[in-house]
Amino acid sequence: MKTKFLILAALSFSLASFSQKNELKAAEKAMKANNAAAAKSAIESAAPLIGAADDKVKAQYYILRGNVYNKLAKSGENGAFEHAIKAYNDLIATEEASGKAKYTIEAKQKLALVSNDLVNSAIKDNEAENFKQAAEKLYLGYTLSKKDTVYLYYAASSAVNGKDYETALKYYNELKELNYDGSTIVYSAVDVKTGERDVMEKAQRDLMVKSKAYKDPQEERTPSKRAEIVKNIALIYTQTGDDEKALTAYKDARADNPNDVNLILNEANLYLNKLGDKDKFKALMAEAAEIAPDNPDLFYNIGVINMEQNNLEEARKAYKRAIEINPGYVNAQLNLSTTYVNEGNSLIDVMNELGNTKSDIAKYDDLKKKKDDLFREGSKVLEDALKLNPGNQGILTQLKNIYGALGDNDSFMRVKKILDGGE
């Protein structure tokens, strides 16, 4: 009985081996016929049996599996790149263990090509706004070649674009741990014929200069991306509501880039909106203004933050300073006008709550005058803005709405005529 069992076991093993080889032959035949789907079916049928196969069959299986999924990846099948990479790596490990390297060189060459395919596919995904897939492919490209840390950087950017903040944070923290710099040297020279400066590879630039077709070679290092990375880490922690980690990240970010005004503004916003620390908020605002006293965008942002908090007087001061620095700053002019309109609108709610008594009527008239005065102040801001930005649609539209609310028909029609294309 024991002998019969051994015979049956041997027969079973022989049948399994025969089945594997048939499936592998079917996969090879399908690949030659350019039928990747059939090849995938055959290779997956062989998969459950491969654990018991000898190293020679395993190697054949892994190289075939890698090639099948590599082909599927190029045709756009999701997840195929991962299968191809794993199969090629399993092949290399199998042949290293057996001491035979029949397919290793091919597998390594294919892995190098897969890296390029991943990046090209990720570029297409980004263009199609498939940011999650782009991030995954770029990260895979990085894992294939750890020296290409730029792939990790772009993977993080794609994850941010796809609002996958958890993944982006993982990638950015990895970049931070690697002390990724990201700066590069840009080589350029001036075309003698056109007089334009062209960017090119160093070897080509040197050759063109030597040929006298180009002159004035220059080398310029692009800014480091370290500050951007730590800043993004801080912003993501803020976005995800992890306030304590966000504050720590802001500290790191500012240590790298102490004069980044937008970074200070974001930190200030965190203190105000999440932690309710108005004193710290004001201190950071003052620090930002001290660092960049002539930066109109800074004061505009200070105005926006104060406006969001309904600190209208502080917002007006900031907007006026922005306009003082840049008299044609349309957004600051529009927002400055809006502070007066918003304050005027807040009085309307109070007016609507009044009754019909003599004192209520008197109070109503007083509030209406204040509201109209605020609206006129808002219109005055925009009339001044029009002198520097004549024909600006945003200014004209807001101005028309204010005059409509005031019941100033003459001014309303004058502005409407300009909007409609009249003089």
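Modeller: Three helices, α13 (278-291), α14 (296-308) and α15 (312-325), each put at least two residues into the lining of the largest pocket. Helices here are DSSP runs of H or I with at least four residues, strands are runs of E with at least two, and both are numbered from the N terminus. A pocket is an open set of points on a 1 Å grid over the protein atoms alone, where a 1.4 Å probe fits and protein lies on both sides within 12 Å along at least five of seven lines; lining residues have an atom within 4 Å of a point.

Biologist: Before we go on, what should I know about the model and the numbering?

Modeller: It's a predicted model, so local features need pLDDT of at least 70 and side-chain atom pairs count only at pLDDT 80 or more, while totals for chains, interfaces and linings use all residues. Numbering runs from 1 along each chain as its sequence is written, and side-chain values use heavy atoms, leaving out hydrogens and water.

Biologist: Which helix gives the largest share of the lining of the largest pocket?

Modeller: The lining divides into seven nonpolar, three polar and four charged residues. (Ala, Val, Leu, Ile, Met, Phe, Trp, Tyr, Cys and Pro count as nonpolar, Asp, Glu, Lys and Arg as charged, and the others, Gly among them, as polar.) The largest share, six residues, comes from α13.

Biologist: What volume does the largest pocket have, and which residues are the closest to its centre?

Modeller: The volume is about 290 Å³. Of its 14 lining residues, the closest to the centre are Phe281, Lys282, Met285, Asn306 and Glu314.

Biologist: Moving on to Asn335: is it buried or exposed?

Modeller: Asn335 is in helix α16 (residues 330-352). Buried means under 20% relative accessible area, exposed over 50% and partly exposed in between, with a 1.4 Å probe and protein chains only. Asn335 comes in at 19%, so it counts as buried.

Biologist: Which side chain makes a polar contact with the side chain of Asn335?

Modeller: Leave aside neighbours within four places in sequence, and Asn335 is in contact (heavy atoms within 4.5 Å) with Tyr300, Val304, Met307 and Tyr319. A polar contact is a pair of N or O atoms within 3.5 Å, one able to donate a hydrogen and the other to accept it. At 3.0 Å, the partner of the Asn335 side chain is that of Tyr319.

Biologist: How many aromatic pairs does the structure hold, and is the one between Tyr300 and Tyr319 stacked or tilted?

Modeller: There are seven aromatic pairs. Rings of Phe, Tyr and Trp (its six-membered ring) pair if their centres lie within 6.5 Å; planes under 30 degrees apart are stacked, over 60 edge-to-face and the rest tilted. Tyr300 and Tyr319 have ring centres 5.9 Å apart and planes at 50°, so their pair is tilted.

Biologist: How many residues apart in sequence are the parts this pair ties together?

Modeller: Tyr300 lies in helix α14 and Tyr319 in helix α15, so the parts tied together are apart in sequence by 19 residues.

Biologist: What about Tyr300 and Tyr329: which type of pair do they form?

Modeller: Tyr329 is also buried, with a relative accessible area of 11%. Tyr300 lies in α14 and Tyr329 in the loop between α15 and α16, so this pair ties together parts 29 residues apart in sequence. With 5.3 Å centre to centre and 25° between the planes, the pair is stacked.

Biologist: Which residues does Asn389 touch, not counting those up to four places away in sequence?

Modeller: Asn389 is in the loop between α17 (358-388) and α18 (393-406). Its relative accessible area is 17%, so it's buried. The residues touched are Gly328, Val330, Gln333 and Ile395.

Biologist: Now the backbone: what is the phi of Glu129?

Modeller: Glu129 lies in the loop between α5 (104-127) and α6 (131-144), and is exposed at 59%. Its phi is positive in a residue other than glycine, near 65°.

Biologist: And what is the phi of Asp216?

Modeller: Asp216 is in strand β3 (residues 214-221) and is partly exposed, at 40%. Asp216 isn't a glycine, yet phi is positive, at about 50°.

Note on methods: Points joined across faces, edges and corners; volume = space filled by probe spheres on them.
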